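Let's take a walk through this structure together.

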Amino acid sequence: MFKYLPPRSLISSPLPPKRNFPFTPLQKKKSLLPLLSHFIFLYPAHASYISNFGHINIGNMANLSVKLCGARMKSPLVLASGIRSNNAALLIRAGEEGAGAATSKSCSLIAREGHKNPSAIEYDSYMINAIGLSNPGVEIEKKEIAYAVKNAKIPIIASVYENSPQNFAKVVKIISEAKPAIIELDASCPNVHQEGKMFSSSCEGASEVIKAVKRQVKNIPVSIKLSPNVPNIGEIAKESQRAGADCITAINTIPAMMIDVYARAPALSNKYGGLSGPAIFPAALRCVNEIRNSCTLPIIGGGGVGSGEDAAAMLMAGANAVSVGTALWKNPNAFRDINLGLENYMKKMNFEKISDIKMK
Amino acid sequence: MGHIIAKVEKNEQETAQVSLLTFNISIPAKPGQFVMAWLPGAEEKPMSIANASPLQIAIADAGQASKKMAEMKKGETLFIRGPYGKPFSPKGKNWLMVGGGYGFAPLRFLAKEGIKKGANIQSIIGARSKKFLMQEAPGKNYFTTDDGSAGEKGNVMAALEPLLKKGKFDCICCCGPEKMMRAVALLAKKMKIPCQLSVERYMKCGFGICGHCAMGGWLSCIDGPTIEGEEALKNPHFGTLACDRAGKHVKL
């Protein structure tokens, strides 16, 4: 499909440049070994090539690092909120697996058990869940985040939710003591002040919650996570910027339902849930692109990203970082593989850095 | 994917606490794996697999949902998804099964599969008293009860220590209360015998997404439920802490 263009470091290096990169995302199981043995076989006398191997083939050309709201990330991939993020050890693990940043599971002022099982079910190309925002409460979560901030080698994004702007401000104030790199507002929960409508379903709702939160924290960037279930996500993002948001996270899961026809009942105990996984990827791309066209804030874009090409598309749509969540269900090594895929893509396209990934 | 339908063929009362349900389907499961079982109207629960072909599940009437499942009659339908998790992978030829309470169910499945492959199997089955003792597995069986109403008096350790001194075992597979597994893992480490445990945690999704079954950075649903004894002993939460439904750490 693509004509192979040798990365510049290969041209200037003493190695012959014409060589197809032997590991593509499709061949991920073969990993680095065939490449390494290939080199050993072809260049037995030049042991230094082998010690230089990482430098020549991976490190040098495709630079995956990005900066998001002042935080340095080794990769644009972000662990999405609510996915394997219940405690500090899991956030640290995401970093070890290749994530450039990790978002904690949303917490609220008081502990919440969430919905009863079945609360998450997988199908061929999507997952539907209604975990129900279970969390141990902000005071416990604060300690987990403080520990992760100190011990993870990646920026930690703390996610919070509440049911009113005042409570949002309270929960943000407490979580800010843990000094996360970014605070993310899960604004897709119902606002008791607006007859239970989502904060992120209207410009007023988003603006109200951001203003309340920004009065509380001045020194930590605040991102608002937007729901795709609106006709005007761009306008809401624009209004969020006006209200003082520092970043936009999009998209949240798509409202959905699944029915088990043999049980003749909703498949989730909560009846309704959120849709995620490969099926929602194109919808997410459009939302992120609409946001990019209407505001200048950095965007953490996600929704169904499962490969290096998906991540590249998300970046082209306008995201500055790419969140990954449901992909971990089919591929526990998703971070490593998406990073590799993205790197391969960048090499094929002769891109040196993430900001080179743009539409024509 | 989603749920598949399993109809109850037989419901046997195995112990005072455990019902052994046999279903009309077979699933491609290995010993140590689990399924998520759902009775519409009640909660969905992770259940270890007691046999794959035909599917059998040993259900202890612990909670409300399990109680309803345990009372299912022939012809009734249970909704299943899975199998999930990492199966047992015992080493060598001489295996020792150590099961406490209903934790013996997956080990009996492992013993059946092991016998087919030519392994020599001995099992220690422990329980509070005679009426809670699980049925024996193929191979040689030893029983222990806390009150001495059957087999040796004491917990599984009472039978395990002398057995390990006497015989040679290539590996120990263990499932039961976490404190018991901890004691078994410590002894196995001391005796330098490879040991695998099956660690149970409260689960929501079952496939590595929700993070509820975390024991520190280790996820029971995809990294486990089986775990090497030494790895478990290195985990500060093993045998001490688990997450409740909200995700708060509580003492076991």
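Two residues count as being in contact when they have heavy atoms within 4.5 Å. Keep in mind, as you look around, that this is a predicted model. With that rule, 40 residues of chain A are in contact with 35 residues of chain B.

How much area is buried between chain A and chain B? The value is about 2900 Å², and carbon and sulfur atoms give 60% of it. Look for Arg84(A), Asn117(A) and Glu122(A): they supply 20% of the area that chain A buries against chain B, more than any other three residues.

Now for the links across this interface. The count between the two chains is one salt bridge. In a salt bridge, the side chain of Arg93(A) meets that of Asp223(B), with 2.6 Å from N to O. There are also 16 residue pairs in polar contact across the interface of chain A and chain B. On the side of chain A that touches chain B, helix H5 (88–97), strand S5 (120–122), helix H6 (138–151) and helix H12 (327–330) each supply at least two residues. By class, that side has 18 nonpolar, 11 polar and 11 charged residues.

Pro228(A) lies in the loop between strand S11 (222–226) and helix H9 (233–243). Is Pro228(A) buried or exposed? Its relative accessible area is 14%, and buried means under 20%, so Pro228(A) is buried. Beyond its neighbours within four places in sequence, Pro228(A) is in contact with residues including Ile233(A), Ile251(A) and Cys287(A).

Conventions
Residues numbered from 1 in each chain as written. Chains lettered and ligands numbered in written order. Predicted model: local features only at pLDDT ≥ 70, side-chain atom pairs only at ≥ 80, totals over all residues. Heavy atoms only, no water. Buried area = accessible area lost by both parts, 1.4 Å probe. Salt bridge = Lys/Arg side-chain N within 4 Å of Asp/Glu carboxyl O. Polar contact = N/O pair within 3.5 Å; in protein donor to acceptor, adjacent residues only side chain to side chain. Helix = DSSP H or I, 4+ residues; strand = E, 2+ residues; numbered from the N terminus. Nonpolar A, V, L, I, M, F, W, Y, C, P; charged D, E, K, R; others polar. Buried < 20%, exposed > 50% of the residue type's maximum accessible area, 1.4 Å probe, protein only.
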